[in-house]
Amino acid sequence: MEQKLSSIDERTDEMHTLMKNMNLGEKGIVSETLPAPYVPSPVPFFTGREDEIEEIINLVAGQSTRLLNIWGSPGFGKTSTAIEVARYLLSLSSPVYFFKLQGIGTVDEFLSKILSIFKSNLADISLRPIDKVVSIFREISSRIFLIFDNLDDLLSSESSSVKLMCLFEELLDSNVNINIIFTTRELLENMRDQIESYRDIRIRPLHPVSSAEYVRQLLPSFSESIVANVARISSHVPLAMKLVASIVENNNEDMANKILEELSLSGNLLEIGRSYEQNMKRVFETPFEQLPLSDKHALISLTVFASPRISKDAAVDVIFDEIGVAKAVRSLKTLVKKSLIDEDSCGEYYSIHPLIHSFVVDKAKQSDFENVFQSSRIRFCRYYLLLFERINDDFLSGKSVDTAELEDALKHLSTTMRYFMTTTCSLENFQELFCILSKSEIFLFFIGGSLDLDIPKLYDFAIEKCRTQQYNYAYSKLYVSKCFQNIVFSSLLSEFEYVEIPEHIREDVMLLSDGSAAKLGCYEGISLISKRNIKSGIECIEKHVDGLQACADQKLVKCLCLQLLALFYTDLKECSKSSKFSREAIEVCKDIGNYNLFLTGDFQKTLFLTQKEYKGEQLILFVCLLFVWSNEFLSKDTQLYFLNLVHQLEQQLENKAYNAPQYLFRIFTYGDVILAGLGFRVGQERLLDEKITFLKKSVMSDNCCSLTDRTFPSMSEVCSTLSPKRLLNCYTFQMMMDGKENKQGPSVLETCRNALDLSLQQYGKQHWNTAFCYHKMGLAENNVGKYISALNAFDQALEIMTATHDGSSNSIADLAEVYIGRGEAYKCLKKFEFAVASFEEALRIKRKLCDECTEEVAQILFLLGDSQQCFNDLSSGLATLEHALQIRKTLYAEKPSSSGYVNVLACYCIIGQVHSALGNNTESIKYFKTALEVGTDCDQERSVMQSHIFVQLIHLNVDENVYMELLESCLPVIKGNYRSFLPILYLRLGSKQIESGKYKAGLASFQEAFDIELEITLKSNFAIRVSTVSCYIPMVKTLINIEKFKLARKAIERAIQMAESLPEGTHHLWVFRCYTWKGRIQNTMRKYNTAIDSLKHALLELPKISHESCDNLEEFECHRAIATAYFCVGSYKDALSSFYDALSVIKDICSKGSVAEAQVYLAVAMVAQKMKNKVLEVSNLRWAYKMYSNVLGETHSQTQVTYIAYVRALIGLR
């Protein structure tokens, strides 16, 4: 023995020297960019394995082995060996990262484990998870060791070993410094042939000397012969030795020998002709059968836990009904002593070896133990229901929720709920569930996303169960609780229809004396407020709020409703009532024991009532509720107060250690919703921008936390999981706010691109969220005129949605929306045939989801009809639009609304245009007049639509007197509600009047437009400003044509002011156009130097303009205009260069030649004449003559004049 131990010491010294000589980077220093290493705690009683560890170290020390598979049967010590290797490497300052992968079944989960520790400092985050990992590993400059323990779950499917091999190859190819060690039950032989640097080590039974030493530690008081027998019978398998040692440890020497003799009769563990698992099961049978019945029941009871970690409290609770608390604790100690379960070093958690767990599960199926298992499952469910009830009460009272309990509860609550929903339980057990559900709707609504559970479906199940079992009391109460989700959804989402509670159930609720009637009354009042029936809603709440009783859920509802009433009367400036309700709310807070729940007052004024302790993360949710319920009448100051409060609470929570990331994520989501929505309303968008900046830094930070064995991570560790998801949420909210504000430009595109990049990183390409981001990207590209890019984004979204949609109505509706965006892009590109096809597909999809008489169908019909008429399929377009009109008229008649009015008039107008295109002028005018006659109480919408109608009537052959009469009748409404549109109307009218020869009337209309204050237009929305600029340019052309140059210059200066006010990214095109026309006016007025400055300004905008939105002819005219100006001031070289630029553009436009190209050749010839360059002059005159001949013909006068000039120049050259 001494010789063996001496040999071990020598080999250990050799290994130590070998490791010191390993290539770990310069002087063995680990790169600062690496996260802190992580290895588990030492394995108790770990003994031996020196040969295996030495072999492993020898292999990984060089560069030839970079992928090492430690494999062997369960219980042999693979994990223990891997842990000791990891700890040895760590002791020599090697960066080691140990990943426990039991339960990890997919590659994505595997990569997420890696990314939870390794974070990138790269700017580019637009990567799939595998690409993300590879990009991180490429930056590593020192050798690191990744140890993946228990890959068996990942290898359970047929093709998984191939996927894993490909994954390992990618990781190893990313960097020569990456080394991987992994453990499996079976050898992965296919890797030997595929990966050159692969090696494997099989973990066999312990060496007899090590076995003896190991058993000696387990049985310190027994003789050497007993120790040797235990090792021999167990075939030197560590798990088996633990079990056999547990059988004999409480006996004397003689009894131990007898027990071991009996075990020996069955033969050696590894020498019997049965499978290893069967033999291990035989070993397990002995200590199990030695257990008292109560301890057997205790072990059987523990199999109801699916999680590998079982909390001590839960274990005791599940066991104790069988045997009592004291006996339950003793049983657990016995099971630990018998090595049937393991206990962590803190004594707070238990675990069962997977092999033993499988044996116990088989036992639980036996008739002797079936009832034990079933009753344990009931106790398991009851424990977690009661735990949830306690957490719910803490949550509703604003107390910080116990993180350990919450994490444990969330992990098992879904299992509990599903058990109730899928098995037959007694009414008594169901009553506990019904009682808890009837008072936890607020908590369940907020944390539902953390449970992998359909909360509405759960309430529907409970209500139906009550109905079938005629449990009327719970039936009524559950209906009240279900109302809560209707209130929240109908308040947050305008399209969500509030479902009224059946009248007979409402009558039953109103008879209850436990406060349920009052709770329902308050919920109904909140619902009325959300429908903008504010007065009735307030009266309803006032009537019922005092009936709310002392249970936690009703106290919170009362507290929030009293503050809602205080806010309402503050808005009405009824200070006495407001103060009364505020005082009552403070009293309820006092009764609850938490003054922090008073959300509407100045915390500084009530500082004596509270302390500066952590206020409770759920306050964010309660502020969200109060805001949603009262937002119809909140003052801007109160909205700003709520916004700042949520901002402060989020900052406080971000600095708190926590261990429930899913729960935390839900809270942050609601807080971020407030930052986005409320910030947008009160002009504090910067708060969301700041949050995005903070989260980006958190995502990109390379200051990784140090991971240890402690139970609770710090907030910085949790953020490594939460920050990317929160950042993606915030980007989504920002996209939604941009859409509401009709924002356009690079900032919107950047938001969409960032969201897309992050979604690709978090979820990969084949995920709905990524498709959603592509869709939003397409819409943003559409808005800035990048239609080809938009089409690419829409196609990506369609590809992903088609591959991943689950058949749900939501996913199908998303497909329709993408087709709509795609159709609009094609329409803007004037590819009307493709636009029609896209809208037809969207219509086909929508008709599967919606009734025909819905606005969703009508909207697509409208877009389809418009595209059909643009495609010159006028008859089809007319029929489609008539169908859309009939639907919208029906909807408007049933439920008049401002949006319905706008939709009906839009149909009338476009149908009028189609009739005009068909030559049905009378029918066309009839539709426009009918549109003007449609009634509405909404003056704002009426003024908008009537303004657009008059603009369109200008281009029809309407009698001018009739037109002016109609206009005069509508002008008061337009001037009062839509004054910003008047310049568009007058400019269009003025241009038409001048074109028809009515100069005086036209100039008068122009003056009317110019007299509208510029400030009104500059404050108008984006669409109005763009339309106004686009109307000024035709007016400029018209004024130039009648030689009103000063007025034209005045008009273009006004247009420039408006163009420069447009958002970044959209103004470049209009600034270019305006300055081009300004230069052309100045040329006409012979102010060539100023013309050059204006045209240079225009040309500077060209690189910033999408080629999809800019007309190349405009670019040509700009180059030709500046060339002309240069020529007129004698700057001939600059003129020549600009004319050549013009030629380059016009050749791209008209590849077969054009008059404009011939004109430029003539202009170049004139420049050449001034420069006395006869050769250049002759060659360009010849090109001009040839171009005129091709385009106009030989006999055209211009061709002949050019020919004469060419001949004369040619004679002069000779």
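Mentor: Lys1172 is exposed, because its relative accessible area is 72% and the cut-off for exposed is over 50%. Bear in mind that this is a predicted model. Lys1172 lies in the loop that runs between helix H53 (1155–1170) and helix H54 (1174–1191). The backbone of Lys1172 deserves a look as well: its phi is near 60°, which is a positive value in a residue other than glycine. Most residues other than glycine have a negative phi.

Arg1086 can be set beside it. The phi of Arg1086 is near 65°, again a positive value in a residue that is not glycine. Arg1086 sits in the loop between helix H49 (1067–1084) and helix H50 (1088–1101). With a relative accessibility of 67%, Arg1086 counts as exposed.

Now the whole chain, as background. It has 55 helices and 8 strands. Of its 1214 residues, 54% count as buried. Among contacts with a separation of 6 or more, 70% are between residues 24 or more positions apart.

Glu1117 belongs to helix H51 (residues 1112–1128). Glu1117 has a relative accessible area of 18%, so it is buried, the cut-off being under 20%. The side chain of Glu1117 makes a polar contact, at 3.3 Å, with the side chain of Arg1120. Another arginine, Arg1080, is 37 residues from Glu1117 along the chain, and the C-alpha atoms of the two are 8.9 Å apart.

His647 is in helix H29 (residues 636–654). It is buried, at 13% relative accessibility. Apart from neighbours within four places in sequence, His647 is in contact with Leu675, Leu687 and Glu690. Asp672 is in helix H30 (residues 661–681), and its relative accessibility is 1%, so it counts as buried. With neighbours within four places again left out, the contacts of Asp672 are Glu650, Lys691, Arg726, Cys730 and Phe733.

In helix H10 (residues 238–248), 10 of the 11 residues are buried, so the helix is mostly covered. Its buried residues are Pro238, Leu239, Ala240, Met241, Leu243, Val244, Ala245, Ser246, Ile247 and Val248.

Next, how helices pack. Two packed helices are described by the angle between their axes and the distance between the axes. Helix H45 (residues 999–1011) and helix H48 (residues 1045–1059) have axes that come within 12 Å and cross at roughly 30°. H45 is therefore roughly parallel to H48, since angles under 35 degrees count as such. From H45, the contact involves Leu1003, Phe1006, Gln1007, Ala1009 and Phe1010, and from H48 it involves Leu1047, Lys1050, Ala1051 and Arg1054. The crossing of H45 past H48 is left-handed. An α-helix has 3.6 residues a turn, so residues three or four places apart point the same way.

Another pair is arranged at a wider angle. Helix H13 (residues 293–302) packs against helix H15 (residues 325–337) at about 80°, and their axes are 9 Å apart. H13 is therefore roughly perpendicular to H15, a term that covers 65 to 115 degrees. Ser294, Asp295, Ala298, Leu299 and Leu302 of H13 meet Ser331, Leu332, Thr334 and Leu335 of H15 in this contact.

Last, the cysteines. A disulfide is a covalent bond between the sulfur atoms of two cysteines. In the whole structure, a search finds 0 disulfides. Take Cys551: the closest cysteine sulfur belongs to Cys435 and is 9.4 Å away, so the two are too far apart for a bond, given that the cut-off is within 2.5 Å. Cys551 is partly exposed, with a relative accessible area of 30%. Cys575 is exposed, with a value of 58%.

Methods: Residues numbered from 1 in each chain as written. Heavy atoms only, no water. Helix = DSSP H or I, 4+ residues; strand = E, 2+ residues; numbered from the N terminus. Buried < 20%, exposed > 50% of the residue type's maximum accessible area, 1.4 Å probe, protein only. Polar contact = N/O pair within 3.5 Å; in protein donor to acceptor, adjacent residues only side chain to side chain. Axes fitted to C-alpha atoms, helices over the stretch in contact; angles between N-to-C directions. Parallel < 35°, antiparallel > 145°, perpendicular 65-115°, else oblique. Left-handed = near helix turned anticlockwise from the far one by under 90°. Contact = heavy atoms within 4.5 Å.
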